[in-house]
Amino acid sequence: MKVATWNVNSLNARWVRVEEWLTSNDVDVVLIQETKQNDTKFPFEQLAQLGYESAHLGQGQWNGVAILSKVGLSDVERGLGDDVEARFIGATCGALRVYSCYVPNGRSLDNDHYQYKLKWLADLAHHLGARALDQRVVVGGDFNVAPSDLDCYDPSVFVGATHVSEPERAAINNLIETGLVDIVRQQHPDEPCYTWWDYRNGSFRRAWGLRIDLLLLDAVTAAAARSSYVDREARKGEKPSDHAPVVVDIDTDQFSAA
DNA sequence: ATGTCAAATGGTATTTGA
């Protein structure tokens, strides 16, 4: 079973690329961020034609998260605690409980939005820490944090900036400490595996990237992961998102009988 | 102040956010 996470930066603007990607990649579950639309615009019908059930939490022009599934979709959970923004959605898809997360950007270290980001991550850790230990879970999304310097093309550029600060990295570590594995980093300990490149400055061509889109798996699910990768091809071509999809292939036969 | 993109606006450019 393949599970992907992808910040599409407007599902409306990205529809042709998303449709192409879904058609040419045999992915069972897709965690989407930044749909930037309401339910009335969300392409439920078109996705159904591609074989996906979908659940969406939209907020008009900003944010918006969704889950697409070919293996069932039930017990949908929308929103994180008392957060008023559309940044969190969960569902049960086959043997997995999955979550699509769009962590606040933070803007700058002295901005109120940075405090909102840290609180949001703390709330997420609290929420995930309360889950049942026998739950097979995939927490994916745009975390807007590069967990280590290996996840950043040039740490010197980011001194004093968001995405790399110690409190943000500690907040990611708190998520991990609820019993989750950053599967791409575990399987690729020495490669950067960037997932995002700024549209500006020819960043993609120059390999000026960050790894800020993560797939966090509980230990049992991580042990059943055959492979994981970033699909850089999706960042090329016409009208790409500034993020690439991240994919994990899980042998769910190892635990689906439980 | 960025070799950019996307959405919304009272709009044929600017603002906001990323």
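Here are a few questions and answers on a predicted model. Local features need pLDDT of at least 70 and side-chain atom pairs count only at pLDDT 80 or more, while totals for chains, interfaces and linings use all residues. Residues are numbered from 1 along each chain as its sequence is written.

User: How far apart are the end C-alpha atoms of helix 3?
Analyst: Helices here are DSSP runs (H or I, at least four residues), numbered from the N terminus. Helix 3 has 18 residues, 112-129, and the expected span is 1.5 Å times one less than the number of residues. That should come to 26 Å, and the end C-alpha atoms agree, being apart by 26 Å.

User: Within what arc do the buried residues of helix 3 fall?
Analyst: Buried means 20 or more other C-beta atoms within 10 Å of the residue's own, with C-beta atoms placed from the backbone. In helix 3 that gives Lys117, Trp120, Leu121, Leu124 and Leu128. Taking directions from the helix axis to the C-beta atoms, they line one face of the helix because they fall within an arc of 95 degrees.

User: Which residues of the largest nonpolar core touch the most other members?
Analyst: Such a core is a set of buried Ala, Val, Leu, Ile, Met, Phe, Trp, Tyr and Cys residues joined through C-beta atoms within 7 Å. This one has 72 residues. The ones touching the most other members are Val3, Ile32, Ile67, Val98, Leu215 and Leu217.

User: Which element gives this core its largest share?
Analyst: Strands are DSSP runs too (E, at least two residues). The largest share is five residues, and it comes from strand 7.

Notes:
Chains are lettered from A and ligands numbered from 1 in the order in which they are written. A residue is buried if 20 or more other C-beta atoms lie within 10 Å of its own, exposed if 12 or fewer, and partly exposed in between; C-beta atoms are placed from the backbone.
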